[in-house]
Each structure stands twice: as C-alpha cells, then as structure tokens.
Amino acid sequence: MNHVEIYTDGACKGNPGPGGWGVLLKSGATEKELFGGERETTNNRMELMAVIMALEALKRPCHVFLHADSQYVLKGMTEWLVGWKAKGWKTASKQPVKNVDLWQRLDTLVANAGHKIEWRWVKGHNGDPGNERADDLANRGVEQAMRQA
C-alpha cells in the first residue's frame, strides 16, 4: 500500500457564508493540491468536504495519514459515528445529525475504498507546514466561491 500524507482544512467567511476547502496530498516526492468552495455554506461542511475530496482523489487503496485541525471531523469519525448510525443518524440528545449528507458520504467512502486511515489532529494556525498549505488552499476556495455568480 502506498503511504499518503493528507492535510485538510476548511474556511468560511461568515458562518454561514462563502466557504472553501483545501487539501494537500503527499506521497514520496509527489504532491498534489486541491481546493474548491461554495457560495453559501458553513465551516464544518467545508472541513468535511476537504476530507471527502481528499479521499476521493486517491485512485487505489492507500495507507493514509490524515491530518486535520477540525475536532468536529476527527471526533465524528473516531468517536461519534458509530453511535449516530446505531441511533438512526440521531445525536445523543435525539436530534438529527447536522450535515448528515456529508457524514454518510464520508462514511461510505471510508468503508468501501479500502484505505487504512490514521486520523491525526494538528493544531491549526500553529506553523505546521502541511496545515498552513491546506489553510491557504481553503482560502483560495473561498475566493473562488465568492467570484461565482
């Protein structure tokens, strides 16, 4: 299995407001940057989209080291998801899970793509080069979204 380092980030100008997601993929000496955005979204949706787009970009099963500064994404994938699914996509307080469309998309992707994923938290805006590049890409996604009609 190829080893891939992935750094993801989301950004939003207003919450909700124009938002963007950014991804840095690194495998050996190869790097790939991805970004995109939406005119009306939330920061949490952009954090989720960054992870989804990163994993969808992989062409075959990989050993992934996924670095994110979003506790929402990391805890969702490592702690909350099992309970949400068992409760019919409801939270512990019996409320519908927010962003359920993206959580289900990510859950299906993780379950079916064959990747071995290690989820790693990185402190945002703290000088980590991969996180800083993902943040820059997410902001490019915001700019792109704001230019759309």
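Helices (H or I, at least four residues) and strands (E, at least two) are DSSP runs, numbered from the N terminus. This is a predicted model, in which local features need pLDDT of at least 70, side-chain atom pairs count only at pLDDT 80 or more, and totals for chains, interfaces and linings use all residues. Residues are numbered from 1 along each chain as its sequence is written, and side-chain values use heavy atoms, with hydrogens and water left out.

**Exercise 1. Loop residues with positive phi**

Task: Find where His125 lies, and state whether His125 is buried or exposed.

Solution. 
- Step 1. Locate the residue. His125 sits in the loop between strand 5 and helix 4 (129–147).
- Step 2. Read the backbone. The phi of His125 is positive, near 55°, and His125 is a residue other than glycine.
- Step 3. Apply the cut-offs. Buried means under 20% relative accessible area, exposed over 50%, and partly exposed in between (1.4 Å probe, protein chains only).
- Step 4. Decide. His125 has 59% relative accessibility, so it counts as exposed.
- Step 5. Take a second case. Asn99 is not a glycine either, yet has a positive phi of about 60°. Its place is the loop between helix 2 and helix 3. Asn99 has 16% relative accessibility and therefore counts as buried.

**Exercise 2. A cis peptide bond**

Task: Which residues does the cis peptide bond join, and in which loop is Pro16 found?

Solution. 
- Step 1. Name the pair. Asn15 and Pro16 are joined by a cis peptide bond, with omega about 15°.
- Step 2. Pro16 belongs to the loop between strand 1 (2–12) and strand 2 (17–27).

**Exercise 3. The course of helix 2**

Task: Describe the length of helix 2, its bend and its buried residues.

Solution. 
- Step 1. Compare spans. The expected span of a helix is 1.5 Å times one less than its number of residues. Helix 2 (residues 71–86) has 16 residues and reaches 21 Å from first C-alpha to last, close to the expected 22 Å.
- Step 2. Look for a bend. The bend at a residue is the angle between axes fitted to the seven residues ending there and the seven starting there. At Trp80, helix 2 bends by about 65°.
- Step 3. List what is buried. Tyr72, Val73, Leu74, Gly76, Met77, Leu81 and Trp84 are the buried residues in helix 2.
- Step 4. Ask what covers them. The cover includes helix 1 (43–57), strand 4 (62–68), helix 3 (100–112) and strand 5 (116–121).
- Step 5. Leave the helix. Gly88 follows helix 2 and has a positive phi, near 70°.

**Exercise 4. Helix 3 and its partners**

Task: State how helix 3 is set against helix 1 and against helix 2.

Solution. 
- Step 1. Axes are lines fitted to C-alpha atoms, for helices over the stretch in contact, and angles run from 0 to 180 degrees between N-to-C directions. Angles under 35 degrees count as roughly parallel, over 145 as roughly antiparallel, 65 to 115 as roughly perpendicular and the rest as oblique.
- Step 2. Take helix 1. The axes of helix 1 and helix 3 come within 10 Å and cross at roughly 25°. Helix 1 is therefore roughly parallel to helix 3.
- Step 3. Take helix 2. Helix 2 and helix 3 pack at about 90°, with axes 11 Å apart. The two are therefore roughly perpendicular.
- Step 4. Name the contact. Residues of helix 2 including Tyr72, Val73 and Gly76 meet Trp103, Leu106, Asp107 and Val110 of helix 3.

Conventions: Contact means heavy atoms within 4.5 Å.
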